Amino acid sequence: MLIYFVVTGICMAQIIPADTLTVKNIAQEQGLSQLGAAALAMDDNGYVWIATENGLNRFNGYEMKVFRAGDKPGELPDDDVTDLFYKSDTLWIATTTHSLVAYILSEDRFLSFEDQIDFEAYPLVRYSSVLYAVDERYLLVGAIGNCLLVDRKTLEFTVIPIPKSKENDYVTAIQEIGDDTFLIGTNFSGIYKLDLRQKSVGIEKVFNRFKESKINCFYPFSDTETLIGTDGGLFVYYCEQNTVERIGHPPDFDTAVRSIVKWDDNTLLVGGFLNTYLLDHRLQWRKMIFVEDDGKQLQSGVLCVAKDNQDGLWIGTQERGILYYHPKREKFIPYRIKAPGSPKKDFISIFSFLRDGNTIWMATELGWVRYRPKKDDYKLYMTNCFLEYVIQKDFKGDIWGGGFESGLVRYNRKEDAFEPVPLPFQDSDIIHITPVHRDTILVHTWSSGIYALNTVDYGVSLRPIGGKALVRSRNSYTDTSGTLWIASDEGLYRIRDGKTTYYNEQLSNARVFSIAEDPFKNIWVGTAKGLNKIDAKSGTVSHFMAQSGLPNDFIYGVASDDKGNIWVSTNFGLSEFDRERNTFRNYTEEDGLQNNEFNGRSAYKDSLGLMYFGGMNGFNMFHPDSVKVNRKIGKTLIEQVRLFGKSVVWNAMYSDTLVFSHDQNVITFDYSSLNYLWPERNQYRFYLEGFDKEWRPVTRERSTTYTNLDPGTYVFKVKGSNNELFWGEPDSLTVVIESPWFETLWFKVIAISFLSLCIVLFFLYKNQQQKRLNARLSRMVDERTAELTEANEALNRSLSVSQQQKENITFLMRELNHRVKNNLQLITSLIDIQNTSIPEISLQEKFKLLQSRIYTVSKVHDILNANSDNKYLQIDRFLTSIAQDLISFSGEKISLKLDLAAVIYPVEKITYVGLILNELITNTVKHAFDKGQLDRKIRISFEDVGERFRLVYSDNGKGFDPGRADETKKMGLSLIYTLARELKGEVTIVNKKGSTLILTIAKNPDKNVKADIDC
């Protein structure tokens, strides 16, 4: 397949183009032990391993960990490392003095095989230079004058000598060409063939041309074709034809081919002694130039190339250390104005853009610039003004421009020139132009306001905004609804249907530079301090500041892409607001921006969806869909654990749990996210379960320390992001801090057991004492029981006598009460008999009155006798019984209405209350009613009024005048007063529609209360 290209390649390889590749140089600054990187390997975690003559290096994106030779078991036995091969937790290492060495990553331990290799018989095998994996089991090792076959499972070593090799001639390259047949390249003696089945090395004539050549590398171009890189050029070996042909190369090629690796599906990277080339499948050469971010060229021979699982390419060089390239490293292309006749070659500031067909117009500090992307040519229309600030197209397609000190200009397409437009005002600082109608544009001036200009006759009229001449209005925007938005240093104005709405305090800052609308009709406003979003539905204003993720608060330009993501230019780079993730993705000059500083209002989106942002050193032009996003995420690993600042001996990356004593409680965790594209942009979040309540805030720090941790079990978790803030899975490590010996479980068990034993012994001792005490007490009880039995018998006899006496007293009291009641009844009967024999009416009434009083005393005696065991009785029941019996005793037809509170009253004073009620009812029956009065009523109420009881007695008779009462009435009234004094009460008499007597009785009978009469 290569025959045609081999022949024609020589003819075609004359003048070749060059490709520039921006790379990151990883060298001494990152801790690389030596600049000559002989070999590269990637392990399963994602670490990069680098072989040098001065140690083995492991890189995490930030710094190197260097393994150097040591004398202790488990240490690297040799600093001079020539090749590397990684598989299944084992890094196989070729060294110059100890042959093959293995490093077990999970055990952090190096193994040497001096006991398995017969170095006495084959001393030159100590120098190993090349490793080649035959399959999953066998490994071929190239050494001086020999090959070494290693069984990685059984660790059996077989030495295969190379015949007729020169002294100190070592193997430089190994390549399988089929069926256990290998090409062996050497440093002096050319190429050999190895038959692995026979374990023999032979010489073939086809390789005679290489007898005196140094073979640097092989590359399997196809199943039947192998490329051979030598100090004398590039060759191809055709296995089926068993022939070798030379491949033509460019004239400036330095002939030496040090390495060949795959670049992409159609291209190979060919490393020379000083230069590097790309060779495609048609054998077309392109020179590869490596440059750093600052444009500095890095020239060095390429020794090895490895690709990681994040699409990054690692290039080991002879003098420059490691060159790292990632296809998504440069996201943008910086455009510099390269116009003939320009007084400046770089750092030309751009302030405004306009697309006109296939032409891009720009307003710059030097004048107007026309850029035709397809031809990549610039034309400068230079002016002598301070700077040109705005370029705009009206609705008819005419182009207008303006700037500071330049006034208004109009582009003449026929003459290809910008012509000044006469204006009737003196302000020559034109900072913006707004098309509003087919024949009208608004001309924004710096200090005199906004003018409406008729583009046909150049008629001008001042256009007030918000009722005033708006100055320093450097931008405007007409949204999809036809609403006009005008920016100024004093805020934002919205003009719709003749109505103006003013935004000032609602914004994060009143100085507005840029306005844009997203596909959802939200308005985005860039200010001197923050980005603002005016919601299309609610009208609410949201603010986004540096705390929200922006790189800077000064927002120069705003533009929305078709997906609704918002792009803003700032004083420190470009930022994209991801609408779905609600986060900002920030870009700097390292990503390909023209500069980190952009210019005010210099943001533009054309009809093709391309975005333009101008700044201090050119501009960036891109389509948002073309911006490369790195979605690959490397592992985040806990690399090291430190106690009080000193590293512990455990291999933290391969440990699940670490155990510390109670006084080892100041712990530092070091971690890394193995994302190599801009690792300085990686971010981290961590969480110590059992101590932290939630994940800690995002940080760029790769270390955290916890102090004074209490004994217990903790789980430290950490997760990292890549440069695009895509987060990976967390790594975790369990940390156990043991309790002090006096808080351990075994100590607590022993202590509790000992305490329990003491308690048991104490209770046994107390039990014995109690038994002795109980025996003594038992004797005392028996003695006292006998004494008490005798005393009890005497007491029973005394109680019997007392009971008999109580029964006698009860009988006497019943007999006494009976005799008292009989005597009262007898007195009443005698009064009745005497009353019948007395002719005088006044005497009869007196006897009748005396009889009622005796009846009342008798009634009270009955009630008290029934409640003889009580000190108090319920007065409502008492008064009800007395009143009803007295009215019944009188024989008159009188209606009785009672309103009595259920209160208790001392029995020793109840007789006085009964006698008072007797006098009242008796007087009412005798004197209150006329003979012809049929409706006769008595009303009695008794209530609790705080510290007193109040008895209210009333009738509906003819009333009562104490001053005109007869002797009998006065006597009854005097008796009421006397009884009231005994009750420590007062009496009030009121004559209104009958008679009413109010008796207020003290609850405490010992308390003196003054009596008074109110007629």
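In which loop is aspartate 376 found? Aspartate 376 lies in the loop between strand E34 (367–372) and strand E35 (377–382), where helices (H or I, at least four residues) and strands (E, at least two) are DSSP runs numbered from the N terminus.

Before I continue, a word on the source. This is a predicted model, in which local features need pLDDT of at least 70 and side-chain atom pairs count only at pLDDT 80 or more, while totals for chains, interfaces and linings use all residues. Residues are numbered from 1 along each chain as its sequence is written, and side-chain values use heavy atoms, with hydrogens and water left out.

Aspartate 376 is not a glycine, yet has a positive phi of about 55 degrees. Its relative accessible area is 42%, so aspartate 376 is partly exposed; buried means under 20%, exposed over 50%, and partly exposed in between, with a 1.4 Å probe and protein chains only. Arginine 601, also not a glycine, has a positive phi of about 60 degrees. Arginine 601 belongs to strand E56 (residues 598–605) and is buried, at a relative accessible area of 6%.

I turn now to a sheet. Strands E7-E8-E9-E10, in that order, form an open sheet with antiparallel pairing; two strands pair if DSSP finds at least two bridges between them. Strand E7 (81–87) and strand E10 (109–112) are the edges: each has a single partner strand, so one side of each is left without a neighbour in the sheet. From one strand to the next, the twist averages 25 degrees, with axes taken as lines fitted to C-alpha atoms and angles running from 0 to 180 degrees between N-to-C directions. E7 is joined to strand E8 (residues 90–95) by six bridges, and leucine 84 has isoleucine 93 in E8 as its bridge partner.

Next, the nonpolar core. A nonpolar core is a set of buried Ala, Val, Leu, Ile, Met, Phe, Trp, Tyr and Cys residues joined through side-chain atoms within 4.5 Å. The largest has 40 residues, of which Leu879 and Phe942 touch the most other members. Elements giving two or more residues to this core include helix H4 (875–890), helix H5 (910–928) and strand E70 (937–944). H5 supplies the largest share, nine residues.

Finally, tryptophan 741. Tryptophan 741 sits in the loop between strand E66 (731–737) and helix H2 (745–836). With a relative accessible area of 54%, tryptophan 741 is exposed.
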